[in-house]
Amino acid sequence: MTYALELKNLCKSFGRTEIIRGANLAVRPGERVAIIGPNGAGKSTLFNLVSGRLQPTSGEVHLNAQRIDGKKPHEINRLGLSRSFQITNIFPHLSVFENLRCAVLWSLGYRYTFLRFLSGLHDANARADQLLAQVGLAAKRDVQAVNLTYAEQRALEIGVTIAGGAQVILLDEPTAGMSTTETAHFIKLIREVTEGKTLLTVEHDMGVVFGLADRIAVVVYGEVIAFDTPEAIRANPRVQEAYLGSPVAEAQGGAH
Ligand SMILES: Nc1ncnc2c1ncn2[C@@H]1O[C@H](COP(=O)(O)OP(=O)(O)O)[C@@H](O)[C@H]1O
Ligand SMILES: [Mg+2]
């Protein structure tokens, strides 16, 4: 089996502090994985290691059986892995459409030559309009990103993340700061736009986690202590111990 993404004994230290301590994970193509764990467990650091923003101290990361640790973020992106960077990769004073078109052009590599840029412009326009509809922002096409609501900005961010057609998508707390209604709507959107892709998402809302994920990875103190179906994770004593009195316990009916 070729895994879409595989972490092998991944370690990362900041100074003398070991933050990621031998993390292992093997995600199948098309699988939706939720990563849960206490604050400071190392979930965002894991994403930074996978996306190339940080280099591991030791261990390996494989994307479609190709080793990617040590590569630059844009190289990893070109190999088909895209990670949301929250609203920081949105250009606030460009319109929604322009933001999407930039993301498409960037992903196609048209920033390199002007001639290729011209020939690609037509395709990029069509693709940007398609993305616009996919993330539900067609009515906001010509609105400056800065004037969108928070939830709309997050939707635009998803559009930018998927613009290049990456098959492996990482979303770090995509519903953070959203109301319950917005969250429900947004999860539906994420489901739709990542259909058939491999999705890894860090998520706090346990209702969302159990509804969205095929498998759940539990990260505690820099290790993946469990990786299993939602039902098995609920029943896992090690997880219950790590989460006693926490949202996982509450999600199974308030058992403490
Ligand atoms: N660049 C960094 N330098 C030093 N410590 C860091 C750095 N990034 C994260 N950490 C530390 O690593 C730990 C894990 O952080 P993080 O991955 O953000 O956790 P999570 O996303 O699970 O809440 C925290 O203790 C954090 O302070
Ligand atoms: Mg985090």
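This is a predicted model: local features need pLDDT of at least 70, side-chain atom pairs count only at pLDDT 80 or more; totals for chains, interfaces and linings use all residues.
**Cavity, cores and pockets**

Let me start with the largest cavity, which is lined by Leu 49, Val 50, Gly 52, Leu 54, Gln 55, Val 61, Ile 68, Asp 69, Gly 70, Lys 71 and Ile 76. By class, that lining holds six nonpolar, three polar and two charged residues. The volume of this cavity is about 30 Å³. A search of the whole structure with a threshold of 30 Å³ or more returns one cavity.

Some background on the fold. The protein has 10 helices and 10 strands. Of its 256 residues, 48% are buried. As for contacts, if we take those with a separation of 6 or more, 65% of them join residues 24 or more positions apart.

In soluble globular proteins, nonpolar side chains tend to be buried together. Here the largest nonpolar core has 34 residues, and the members that touch the most other members are Val 96, Leu 100, Leu 137, Leu 156, Ile 158 and Ile 190. Which elements each supply at least two residues of this core? They are α3 (96–108), α4 (114–134), α5 (150–162), β7 (168–172), α6 (180–193) and α7 (206–212). Both domains take part: at least three residues of the core come from domain 1 (1–80 + 167–256), and at least three from domain 2 (91–165).

Val 96 is worth a look on the screen. Leaving aside residues up to four places away in sequence, Val 96 touches Leu 132, Leu 137, Lys 140, Arg 141, Val 143, Leu 148 and Leu 156. Two of those names, Leu 137 and Leu 156, were also in the list of core members that touch the most others. Another core lies apart from the largest one; this other core has 28 residues, including Val 27, Phe 47, Val 202 and Val 224.

The largest pocket has a volume of about 570 Å³. Its lining is made of 24 residues, and those nearest the centre of the pocket are Asn 77, Ser 82, Asn 89, Trp 106 and Val 160. Two or more lining residues come from each of α2 (73–78), β6 (81–83), α3 and α5. Which of these gives the largest share? That is α3, with five residues. The classes in this lining are 10 nonpolar, 12 polar and two charged. Domain 1 (1–80 + 167–256) and domain 2 (91–165) each contribute at least three residues to the lining of the largest pocket.

The second largest pocket has a volume of about 190 Å³. Around this pocket we find Gln 134, Val 135, Gly 136, Leu 137, Ala 151, Glu 152, Ala 155, Glu 182, His 185, Phe 186, Leu 189 and Glu 192. The elements giving two or more residues to this lining are α5 and α6, and α6 has the largest share, with five. Six of the lining residues are nonpolar, three polar and three charged. Again, at least three residues come from each of domain 1 (1–80 + 167–256) and domain 2 (91–165).

Terms used
Residues are numbered from 1 along each chain as its sequence is written. Chains are lettered from A and ligands numbered from 1 in the order in which they are written. Side-chain values use heavy atoms; hydrogens and water are left out. On a 1 Å grid over the protein atoms alone, a cavity is a set of points where a 1.4 Å probe fits but cannot get out, and a pocket is an open set with protein on both sides within 12 Å along at least five of seven lines; lining residues have an atom within 4 Å of a point. Grid points are joined across faces, edges and corners, and a volume is the space filled by probe spheres set on the points. Ala, Val, Leu, Ile, Met, Phe, Trp, Tyr, Cys and Pro count as nonpolar, Asp, Glu, Lys and Arg as charged, and the others, Gly among them, as polar. A nonpolar core is a set of buried Ala, Val, Leu, Ile, Met, Phe, Trp, Tyr and Cys residues joined through side-chain atoms within 4.5 Å. Buried means under 20% relative accessible area, exposed over 50%, partly exposed in between (1.4 Å probe, protein chains only). Helices (H or I, at least four residues) and strands (E, at least two) are DSSP runs, numbered from the N terminus. Domain bounds come from an automatic or database domain assignment. Contact means heavy atoms within 4.5 Å.
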